[in-house]
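Here are my notes on the helix packing and on a few single residues. Please read them with the model open.

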Amino acid sequence: MSRELILALNPRMQFTRIAVYRMNTTVFLKKINHKPEDFNGFDRYVDQAALRAKIILDELKSNDIRIDDIAVVIGRGGLLKPVKSGVYKVNDSMVKDLSSCEYGDDVVNLGGLLANTIASELSNADAFIADPVVVDELEDIARITGRPEFKKKSIFHALNQKIAARKYAKSVYKKYEEMNIIVAHLGGGISIGAHRKGRVIDANQAYDGDGPFSPIRSGSLPMGDVIRECFSGKYTQEEMLNKQTGKGGLFAHFNTYSGYDVCKMRDAGDAKATEVLAAMAYQVSKSIASMYAVFDGEPVDAIIITGGLAKDEQFVKEIKTRVDKIAPVSIQPGAEVLGALSYYGKMILRKETEILEY
Ligand SMILES: Nc1ncnc2c1ncn2[C@@H]1O[C@H](COP(=O)(O)OP(=O)(O)O)[C@@H](O)[C@H]1O
Ligand SMILES: CCCC(=O)OP(=O)(O)O
């Protein structure tokens, strides 16, 4: 039996999900909740790397995980320069870009940094990320905007979207690379991707760009109003960016980061929650429908709705009824981030994947 373990890491704002796998067996699975006061004094998410790494290692040790059997530490990848899809070994250049927030400050940056810090504490491990949020397969036409100095960037849930699309393709006995699929990932952020024959040729820029509003992000906004707010003197640049990326969407309306809580408010009869969730479903539907045009007349084989909010039947129903004339709709509730990372971890151990250099 192989003694080589895989440690997968998915850092979120208020918790870190970790799992340890021995090939196809899950050895350990844990959601480590963090107290907000633990991070007092840390201005940026990346400043939390050393503390979170210690908390994770302590958790593994106190659960008798044989940490020196860990060979692969793999984290959800962060805001980096645009890259092609695949597995990347964490190197100095990646650590530099993540820790300096060169491409933005988001909790997702901690994926590569935690993997690196933890691997360096172990005797036998290397650090990796796979399909980071900056996987870029956009067609050139998708990059052009109404201002020559602004180009659209590819920032979306690449890991989750591609795994969901591959899983669907397998379920209908086809190859991902042979299918045209629209994937809607409904998580803390929301991204809608047009997967044409295995390449995501268009997607909304789900971090600080465009698309539907989400539990924490503002999405597309009336641009004139945003410009006037920027110059109102009321907010710093950092505050304005934060309103777009982490304090917009449902958070701005309800002061909670939890889409689940807002769904519960709607279920309890709250009129505002009903109205705002309906508007979010409406925006997601419009974004899915807009991707139909991206395929330029080629048939779309399926629409996949996935992510945490895909667990909410009412929310999904409101989207489905608006888009199911385009293609059959398949629901994959929840986001299998750790499972997706373990899939790549296994490929690394079996030497079945190219290890790309950042
Ligand atoms: N059963 C549920 N019903 C509605 N929303 C849910 C449910 N479970 C999780 N969510 C919401 O999904 C969002 C998280 O999505 P998820 O895909 O897990 O993560 P990520 O933020 O990494 O994209 C949160 O807003 C969470 O409250
Ligand atoms: C960073 C862009 C993708 C995104 O929104 O991720 P989360 O939903 O995990 O915040």
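1. A definition comes before the helix pairs. Axes here are lines fitted to C-alpha atoms, for helices over the stretch in contact, and angles run from 0 to 180 degrees between N-to-C directions. Keep in mind that this is a predicted model.

2. Start with helix α5 (residues 158-171) and helix α12 (residues 337-349). They pack at an angle of about 80°, and their axes are 10 Å apart. Angles of 65 to 115 degrees count as roughly perpendicular, and α5 and α12 are therefore roughly perpendicular to each other. From α5, the contact takes Leu-159, Asn-160 and Ile-163; from α12, it takes Val-337, Ala-340 and Tyr-343. By class, the residues of this α5 contact with α12 are five nonpolar, one polar and no charged.

3. Next come helix α1 (residues 49-62) and helix α3 (residues 110-121). Their packing angle is about 55°, with 9 Å between the axes. That makes α1 oblique to α3. The crossing of the pair α1 and α3 is right-handed.

4. Which residues of α1 and α3 meet? On the α1 side they are Ala-49, Ala-50, Arg-52, Ala-53, Ile-56 and Leu-57. On the α3 side they are Leu-110, Leu-113, Leu-114, Thr-117, Ile-118 and Glu-121. Sorted by class, the residues of the contact of α1 with α3 are nine nonpolar, one polar and two charged.

5. Helix α9 (residues 259-267) packs on α10 at an angle of about 125°, with the axes 7 Å apart. That makes α9 oblique to α10. The crossing of α9 and α10 is left-handed. Val-262, Cys-263, Met-265 and Arg-266 of α9 make the contact with Ala-273, Thr-274 and Leu-277 of α10. The contact of α9 with α10 divides into five nonpolar residues, one polar and one charged.

6. Helix α10 (residues 271-294) passes a length check. It has 24 residues, and at 1.5 Å a residue these should span 34 Å; the end C-alpha atoms are 36 Å apart, which agrees.

7. Which residues of α10 are buried? They are Ala-273, Val-276, Leu-277, Met-280, Ala-281, Val-284, Ser-285, Ser-287, Ile-288, Met-291, Tyr-292 and Val-294. Ala-273 and Leu-277 also belong to the contact with α9. Just after α10, look at Asp-296, which takes a positive phi of about 55°.

8. Ile-74 lies in strand β4 (residues 70-76). Is Ile-74 buried or exposed? It has 30 C-beta neighbours inside 10 Å, so it counts as buried. The cut-off for that is 20 or more.

9. Leaving out residues up to four places away in sequence, Ile-74 touches Ile-6, Ala-8, Ala-115, Phe-128, Ile-129, Ala-130, Leu-341, Tyr-344 and Gly-345. Phe-15 stands 59 residues from Ile-74 along the chain, and their C-alpha atoms are separated by 17 Å.

10. Where is Ser-232 found? Ser-232 sits in the loop between α6 (223-230) and α7 (237-245). With 9 C-beta neighbours inside 10 Å, Ser-232 counts as exposed, because the cut-off is 12 or fewer. Ser-232 and Phe-42 are 190 residues apart in sequence; C-alpha to C-alpha, they are 28 Å apart.

Key:
Residues are numbered from 1 along each chain as its sequence is written. Chains are lettered from A and ligands numbered from 1 in the order in which they are written. This is a predicted model: local features need pLDDT of at least 70, side-chain atom pairs count only at pLDDT 80 or more; totals for chains, interfaces and linings use all residues. Helices (H or I, at least four residues) and strands (E, at least two) are DSSP runs, numbered from the N terminus. Angles under 35 degrees count as roughly parallel, over 145 as roughly antiparallel, 65 to 115 as roughly perpendicular and the rest as oblique. A crossing is left-handed if the near helix is turned anticlockwise from the far one by less than a right angle, and right-handed if clockwise. Two residues are in contact if their C-beta atoms, placed from the backbone, lie within 7 Å. Ala, Val, Leu, Ile, Met, Phe, Trp, Tyr, Cys and Pro count as nonpolar, Asp, Glu, Lys and Arg as charged, and the others, Gly among them, as polar. The expected span of a helix is 1.5 Å times one less than its number of residues.
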